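Visitor: Could you walk me through this one? I'm new to reading structures.

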Amino acid sequence: MTRLTCLMTLALLATACTEGTGTDPDDPDNTAGESTYEPVEGTTNLTNCSGTIASDAPSFFTEFWACADISNASGGVQVSTDGLPPHQSAYYATDHENYVAFDTRGGTHRVNPNTLGSQNISFTFPDDPTPKGITITDAIVDNEMMTSDEEYSGGPVGIALNGVSIFAAMAAPGDDLWEEQYTFDLYEGHPAGTTYHYHFETPGPLEVLQHKGWSTSSTPGQGDVELYGLMCDGTVVLGCTELDGSAPDDGDFDAQNGHLHDIDDGSTTHFENRYHTHVCPDEWPDYPFFPEIAYYQTTTCR
Ligand SMILES: [Zn+2]
Ligand SMILES: [Zn+2]
């Protein structure tokens, strides 16, 4: 009798295992293929950066993220990071292994005086964010700080797939974000104080997709799939594609290229009817930045 039960249990387990493989987040069938990411030797990069992603975290995080500590938390998923870019930058201290000389790109770009350093950034991205019920129009999207109650605050308000801070698409009062972009390094980031961050399309997070086999290119605009990260209120930031690689339908875009629909990678729906924006200046040059206005309530922001 005992032996029969045991065999039956094994049979049940075997069935469960077989049925489980289709939705196993580690199933290579879920990804675009082999990694084409090539780290620069001797640097801190996606293959050796620090960060632990809990195996029971939602598959959106186990599949698409790197270089951060990620675990389930009350009401959401906590992502904590030191914010250090896992790629080369002219904003590292000159004695850091990831330091490279600033590239002026033929004279259009100039280095800012800051040096990046380690941060202590943590957000609990909400599982079920609450919409504010606003409509995001040109009247409130102006890329300037302190011009609307609905905008994100200054400083880190999101995290990119590679653990780097995302700042909202705003310059400090009196400054111009369209001008500030000329201090971006080759990964389109720069530091405010010591906090390195991105404002718009960047190869950094796209390299994670390449590393994990979702995409064969980290050049913005050329990825098979383009996902950049999450804003603190739960807004997802995508690039020129939806998460399944298809072309976004811009028919219902708001003033920051945002709209709502399920976010699906082709086999798994990660978010239902979730607000997200598309950053893709080749396609939508009028609004090339990450979001400025928080669609959801920002109680999870800081
Ligand atoms: Zn900035
Ligand atoms: Zn979309």
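Guide: Start with a term: a nonpolar core is a set of buried Ala, Val, Leu, Ile, Met, Phe, Trp, Tyr and Cys residues joined through side-chain atoms within 4.5 Å. Buried means under 20% relative accessible area, exposed over 50%, and partly exposed in between, with a 1.4 Å probe and protein chains only. This is a predicted model, where local features need pLDDT of at least 70, side-chain atom pairs count only at pLDDT 80 or more, and totals for chains, interfaces and linings use all residues. Residues are numbered from 1 along each chain as its sequence is written, chains are lettered from A and ligands numbered from 1 in the order in which they are written, and side-chain values use heavy atoms, with hydrogens and water left out.

Visitor: OK, how many residues has the largest nonpolar core?

Guide: The largest nonpolar core has 69 residues, and those with the most contacts inside it are Phe60, Phe61, Trp65, Val79 and Leu227. Strand 8 (residues 227-231) gives the most to this core, with four residues. Strands (E, at least two residues) and helices (H or I, at least four) are DSSP runs, numbered from the N terminus.

Visitor: Why would such residues sit together?

Guide: In soluble globular proteins, nonpolar side chains tend to be buried together.

Visitor: What is Phe61 in contact with?

Guide: Leaving aside neighbours within four places in sequence, Phe61 is in contact with Ile53, Ile70, Val77, Val79, Phe125 and Leu230. Contact means heavy atoms within 4.5 Å. Phe61 also belongs to an aromatic cluster with Phe60, Phe64, Trp65, Phe123, Phe125, Trp214 and Phe271.

Visitor: And how many aromatic pairs does the structure hold?

Guide: There are 18 aromatic pairs. Phe184 and Phe200 form an edge-to-face pair, 5.2 Å centre to centre with 80° between the planes. Phe184 lies in the loop between helix 3 (177-180) and strand 6 (189-192), and Phe200 in the loop between strand 7 (195-198) and helix 4 (203-211), so the pair ties together parts 16 residues apart in sequence. Rings of Phe, Tyr and Trp (its six-membered ring) pair if their centres lie within 6.5 Å; planes under 30 degrees apart count as stacked, over 60 as edge-to-face and the rest as tilted.

Visitor: Different topic. Which residues coordinate the zinc ion?

Guide: His190, His197 and His199 coordinate the zinc ion (ligand 1), each through NE2, at 2.0 to 2.1 Å. Their spacing along the chain is H-x6-H-x1-H. Donors are N, O and S atoms within 2.8 Å of the metal (3.2 Å for Na, K and Ca); water is not among the atoms, so sites may look incomplete.

Visitor: Is His190 buried or exposed?

Guide: His190 is buried, with a relative accessible area of 5%. His199 is buried too, at 2%.

Visitor: What is the order of the open sheet of three strands?

Guide: The order is 1-2-3, with antiparallel pairing. Strands pair if DSSP finds at least two bridges between them. Strand 1 (69-73) and strand 3 (121-126) stand at the edges with a single partner strand each, so one side of each is left without a neighbour in the sheet.

Visitor: How many bridges join strand 1 to strand 2?

Guide: Five bridges join strand 1 to strand 2 (residues 76-81). Across them, Ile70 stands opposite Val79, and Asn72 opposite Val77. The two strands form a hairpin with two residues between them, and Gly75 in the turn has a positive phi of about 80°.
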